[in-house]
Amino acid sequence: MFNGFTIFMLAVVVVGIPVVGGLLYETYRISLKHKEKMANAMNAQAAEKAAQYAAHTERLEQRVRVLERIVTDRGIDVAAEIEQLRDRPLN
């Protein structure tokens, strides 16, 4: 009733397709885990960069506040000092 080809096809359908499907699913699952790890690493790196930029911005804001205070407190004196520096030779 069953010839060799029929038994071979039955084995392919019953065993081969589920095994190949399982391997493909496992490969896909591993790929998703890897992508998730990479995304988490990128997020951590972006957060670190953002913190560095925030700290740098804060330092620049403090410097600008100091400069504004100097200019508003000693505006006329600063103008005179700048003019003296312009007249002075570099070397």
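A salt bridge is a side-chain nitrogen of Lys or Arg within 4 Å of a carboxyl oxygen of Asp or Glu. This model, which is predicted, holds 2 salt bridges. It also has a nonpolar patch on the surface, and Leu10 is one of the patch residues.

**Salt bridge of glutamate 26 and arginine 29**

- Glutamate 26 pairs with arginine 29 in a salt bridge, and their closest N and O atoms are 2.4 Å apart.
- Both residues belong to helix H1, where a spacing of 3 residues puts about one helical turn between glutamate 26 and arginine 29.
- Glutamate 26 counts as partly exposed because its relative accessibility is 31%.
- Arginine 29 has a relative accessible area of 30%, so arginine 29 is partly exposed.

**Salt bridge of glutamate 61 and arginine 65**

- A salt bridge also joins glutamate 61 to arginine 65, with 3.8 Å between the closest N and O atoms.
- Helix H1 holds both glutamate 61 and arginine 65, which lie 4 residues apart, or about one turn of the helix.
- Glutamate 61 is partly exposed, as its relative accessible area of 37% shows.
- Arginine 65 has 43% relative accessibility and therefore counts as partly exposed.

**Nonpolar surface patch**

- The patch is formed by Phe5, Phe8, Met9, Leu10, Val12, Val13, Val14, Val15, Ile17, Val19 and Leu23.
- Together these residues have about 1,000 Å² of accessible area.
- Leucine 10, a member of the patch, is placed in helix H1, which covers residues 4-73.

Note on methods: Residues are numbered from 1 along each chain as its sequence is written. This is a predicted model: local features need pLDDT of at least 70, side-chain atom pairs count only at pLDDT 80 or more; totals for chains, interfaces and linings use all residues. Side-chain values use heavy atoms; hydrogens and water are left out. Patches are made of residues with over 30% relative accessible area and no salt bridge: like charges are joined within 9 Å, nonpolar side chains (Val, Leu, Ile, Met, Phe, Trp, Tyr) within 5 Å. Accessible areas come from the Shrake-Rupley method with a 1.4 Å probe; for residues, only the protein chains shown count as cover. Helices (H or I, at least four residues) and strands (E, at least two) are DSSP runs, numbered from the N terminus. Buried means under 20% relative accessible area, exposed over 50%, partly exposed in between (1.4 Å probe, protein chains only).
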